[in-house]
Amino acid sequence: MNDSRFVIFLVDDDPGVLKALSRILDTKGYEVRAFSSSAEFLAQHDPSIPGCAIFDVSMPELDGIQLQAALKAGGVERPVIFITGVGDIPVSVQAMKAGAIDFLTKPVKSQQLLAAIALAAEKEAQALEVRGELASVNDRISKLTPREREVLTHVIAGRLNKQIAADLGTVEKTIKLHRGRMMRKMGVRTVADLVRIAQRGGIKPSRTRV
Amino acid sequence: MRSRFVGQAAALAFTLLFSICVAHAQNSEKRVLLLFSYNITFPGVMSIGQGAIGELRDKSPKNLEVFSEFLDLARFPDPDHEGRTARYLAEKYTGRNLDVVITVGRQASQFILKHGAEIAPRVPIVACCMPAETFAALAGSRITGVISGRDISKTLDLAERLQPEAPKLVVIAGASDFDRQWVQIARQQIESRGRLYDTTYLVGLPYDKLIQEVSRLPRNTIVVALSYFADDRGGQYISAEAIRNVAKAANAPVYWPYSNGIGFGIVGGYSDLDESLGAQTADLALEILAGKDANTIAPQLSTSGAYRVDDRQLKRWQLSGADLPAGTVVSFKEPTLWEEHHYLISFVLSLVALQTGILVYVLLQNRNRRIAESALAESQERMAFAAASTNTGLWHFQAEDEPIWAARHCRSILGLAENTPLSLDILRDSIYPDDRRAFVKAIRDAALSGRPIDSEFRIVSSNGETRWIAMKGYPRRDQNNGPYYITGVFSDITALKTAELEAEQQRMETARLMRQSVLGELSGTIAHELNQPLTAILFNAETAQYLLSQKNIDQGKIQEIIADIIEEDTRAGKVISHVRELLRKGEGKSELIDLNQLVESTLHLLRGEFMKRKIHIDVALANNLPMISGDPVQLQQVLLNLIMNAMDAMNSKAPSQRSIEVATRANGGQVEVAIVDFGQGIAAEHQTQLFQPFFTTKEHGLGLGLSVCSTIVKAHGGKLSIENNVGGGATAVVALPIQDVLVPA
């Protein structure tokens with residue numbers, strides 16, 4: 001819980017609520033950054049910092065739901081918890097569909113809020129893990145030579161060495177050599193593993209089937 | 001015969017003499033060429049030219065032909081152009097036999113020194129103006145003129161008097177050779193001064209950059225401008241115009257040692273007057289024309305040097321005119337009315353005093369006559385009134401201890417038996433107990449003061465019914481100023497009163513229903529307004545609870561949290577009292593109201609609604625708005641209704657176009673609040689039905705809003721009007737009469 005690398009971004013146009021909310025989260029040991037408007041938040045928000053966001057729903061100019069959409073449109077996957085003065089069902093459904101962690105109605109009990117934050121932290125950790133794995137896969141793929149990469153797309157398309165050699169206009173022995181190096185660089189032993197991580201890395205199977 | 005001959009001879013002699021004079025004048029006509037450095041459109045050029053030409057015309061004993069040429073060399077610095085101009089002028093003035101060349105500005109002097117042999121060989125030159133050193137260097141070459149050096153010391157003296165505390169001095173100049181020489185001169189003058197400045201030289205900055213720089217200077221800075229003919233990128237400028245613009249843009253007072261900045265944003269400086277310079281130069285030229293050798297005329301110092309300031313600029317920078325050096329020429333000072341017209345004012349005042357005396361006398365005379373006339377007129381009116389009223393009872397009150405005479409109908413109105421003797425006591429006892437005191441007081445006051453009675457009271461009839469009686473009375477007295485007697489009428493106004501009361505009750509009930517329905521619509525918003533402080537309170541309380549459970553209790557922090565809780569609680573209380581106000585059963589009470597405050601509290605109530613509906617609100621409240629009198633609850637309802645209508649009108653608009661303007665202003669004897677929306681406006685066919693009950697264009701509307709609003713505003717003596725805007729949407733204006741407030745001294 002006291003992971004200092006986890007930051008809570010608060011956006012609420014009501015200064016009283018913003019102050020009280022920052023205070024309670026700060027007391028509970030969270031690092032808090034408080035903003036009194038969506039514009040202020042967007043101007044200063046650093047998406048690379050891990051953490052979650054708590055948005056008030058009804059704010060002037062850009063409201064909480066629009067702010068969530070703006071983050072998404074900018075490619076930022078930040079877990080969002082909404083708090084609202086009015087429990088509006090259609091709005092809450094919309095927010096949850098857009099991937100909100102929770103939609104809490106004011107006045108919010110701190111217990112509820114802390115539970116939602118814990119959930120957000122868990123989600124963020126998972127996302128971090130996925131992002132880390134993706135980074136390592138991409139890293140491995142980037143070490144392949146163009147030829148090895150070509151061989152990879154054929155292997156995951158289920159082609160045999162012989163067929164690949166024919167497709168690429170070379171002999172089976174050379175393909176075998178490339179394939180061995182490629183499997184080693186990718187850190188996998190079986191074709192099944194290779195298919196799994198290639199997919200994660202966004203590599204599509206070759207379509208050179210005659 | 002002899003005498004006739006003498007006459008003829010005299011006539012002939014005269015004619016001869018005259019023709020000789022003319023011939024002489026034609027022969028001896030003198031020619032002057034005015035050579036200007038700049039174009040006529042440049043600031044100052046015209047003044048110098050006019051000064052010179054005016055002086056030449058006025059003072060020349062002989063006929064003069066004045067030529068002028070504007071070299072415009074600052075804007076056409078190309079040497080080829082200079083050569084072309086010289087050749088052109090040489091050709092143009094061949095055979096014109098110029099007697100004097102007057103040069104205005106240094107470039108013209110340089111030009112004529114260089115090309116004089118072609119254009120005007122051996123013609124004396126009078127220069128306006130050159131530094132003393134230049135004249136000295138040219139001694140013996142038929143040049144004289146007016147000395148005017150480049151000097152900012154006196155201009156700085158002035159600036160230091162006006163801004164004695166200014167720590168910073170900024171010097172502004174361009175990048176031309178002339179500008180840079182000027183900077184050298186100014187630098188020496190500044191460095192030799194007693195006062196130490198933090199001095200910045202802004203030399204040759206591009207024009208836009210310069211304007212930007214000066215607009216950011218600290219207010220308490222002395223800015224001295226020199227000249228600005230070019231920037232360091234080669235851009236050419238009209239110096240005076242550039243510097244005028246600098247002065248306008250600067251965030252600190254700008255001083256300039258040239259008089260043609262006065263009136264154009266420059267605070268002031270020590271400078272020569274352009275017109276005087278021209279005239280002084282012309283005087284020297286005249287001496288030459290009269291036959292004097294130019295080499296023997298010593299160059300003269302300028303005589304028109306003076307401190308000059310612009311009073312409007314002193315005001316702009318709040319500089320004190322009291323600090324000016326003696327003899328400063330202050331321009332654009334607005335004379336006070338007294339200064340300008342004190343003879344006229346004294347005269348008018350004495351005239352008014354005389355007239356007042358006469359008036360008072362005439363009025364006194366008139367008054368006695370009027371009193372007699374009005375007594376007659378009122379008695380006639382009374383008779384007519386009595387005759388015309390069928391349902392009124394006439395009565396006559398002579399004195400408190402005497403019986404009251406009353407017509408028969410009077411007794412029936414009061415529910416008394418026909419032959420009941422009437423006295424003040426009996427009358428009083430027939431009245432509803434609560435109204436008795438007021439009744440007696442009304443009669444006694446009238447008998448004492450002579451002022452007419454106009455009051456109402458209630459009686460309880462024999463069948464237990466309450467009836468309303470109106471009483472009107474007219475006190476009179478005889479010519480000897482004896483005690484007043486009163487003649488008057490009673491009339492039964494129960495039916496009228498009941499109808500009034502019923503209407504009022506209905507109106508109030510409808511208004512309350514409307515408020516409740518508005519509240520229903522607003523419930524979500526109000527819940528939101530309440531939830532905010534409640535949320536803050538809950539979080540704060542939980543934080544305090546958590547802190548209290550810790551080992552080391554931070555007393556200060558807990559104090560702080562509790563203070564916040566109290567503040568938020570007060571805020572919640574305010575929301576509730578607002579709502580309660582709105583729900584209160586209006587009793588048509590009247591109090592003094594600040595319309596601005598009412599508008600603000602209404603907008604506050606609607607804040608959440610604006611947010612929810614994404615409507616932008618522009619508020620423009622007039623300062624010092626007079627008070628109005630009325631029922632704040634009812635008037636707030638009018639505002640609520642009108643603003644909510646405005647919001648509804650914009651439902652079909654895109655959120656970016658949803659905006660409402662609310663503005664207040666005083667307009668004659670009224671104050672107005674206008675609510676402007678940018679919705680679809682009012683359809684032409686609906687215009688006439690707007691205020692009719694049950695007319696609505698809304699899906700779920702009752703059609704009562706505007707009709708109730710209009711009734712409320714009318715009951716306050718005001719007017720509600722709604723009209724379409726030219727550019728779309730509609731404007732509702734509530735105009736209410738101003739309540740005169742007596743402020744206790």
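How many helices and strands are there in chain B? Chain B has 20 helices and 25 strands, where helices (H or I, at least four residues) and strands (E, at least two) are DSSP runs numbered from the N terminus. This is a predicted model, in which local features need pLDDT of at least 70 and side-chain atom pairs count only at pLDDT 80 or more, while totals for chains, interfaces and linings use all residues. Residues are numbered from 1 along each chain as its sequence is written, chains are lettered from A and ligands numbered from 1 in the order in which they are written, and side-chain values use heavy atoms, with hydrogens and water left out.

**Chains**

- Chain A has 9 helices and 5 strands.
- Along the sequence, the pattern of chain A reads β-α-β-α-β-α-β-α-β-α-α-α-α-α.
- Of the 210 residues in chain A, 44% are buried (under 20% relative accessible area, with exposed over 50% and partly exposed in between, using a 1.4 Å probe and protein chains only).
- In chain B, which has 745 residues, 43% count as buried.
- Contact means heavy atoms within 4.5 Å. Among contacts in chain A between residues at least 6 apart in sequence, 64% join residues at least 24 apart.
- For chain B, 68% of contacts between residues at least 6 apart in sequence join residues at least 24 apart.

**Helices α18 and α19 of chain B**

- Helix α18 (residues 595–613) and helix α19 (residues 632–649) of chain B have axes that come within 10 Å and cross at roughly 30°. Axes are lines fitted to C-alpha atoms, for helices over the stretch in contact, and angles run from 0 to 180 degrees between N-to-C directions.
- α18(B) and α19(B) are therefore roughly parallel to each other (angles under 35 degrees count as roughly parallel, over 145 as roughly antiparallel, 65 to 115 as roughly perpendicular and the rest as oblique).
- Among the residues making the contact are B:L598, B:V599 and B:F610 of α18(B), and B:L635, B:I643 and B:M647 of α19(B).
- The residues of this contact comprise 13 nonpolar, 3 polar and 3 charged. Ala, Val, Leu, Ile, Met, Phe, Trp, Tyr, Cys and Pro count as nonpolar, Asp, Glu, Lys and Arg as charged, and the others, Gly among them, as polar.

**Helices α1 and α5 of chain A**

- The axes of helix α1 (residues 15–27) and helix α5 (residues 110–142) of chain A come within 12 Å and cross at roughly 65°.
- α1(A) and α5(A) are therefore roughly perpendicular to each other.
- A:L21, A:I24 and A:L25 of α1(A) meet A:S110, A:L113, A:L114 and A:I117 of α5(A) in the contact.
- This contact has 6 nonpolar residues, 1 polar residue and no charged residues.

**Residue B:E672**

- B:E672 lies in strand β23 (residues 670–677) of chain B.
- B:E672 counts as buried, because its relative accessibility is 12%.
- B:E672 and B:L736 are 64 residues apart in sequence and 6.3 Å apart in space, C-alpha to C-alpha.
- Apart from its neighbours within four places in sequence, B:E672 has contacts that include B:L595, B:R665 and B:V734.
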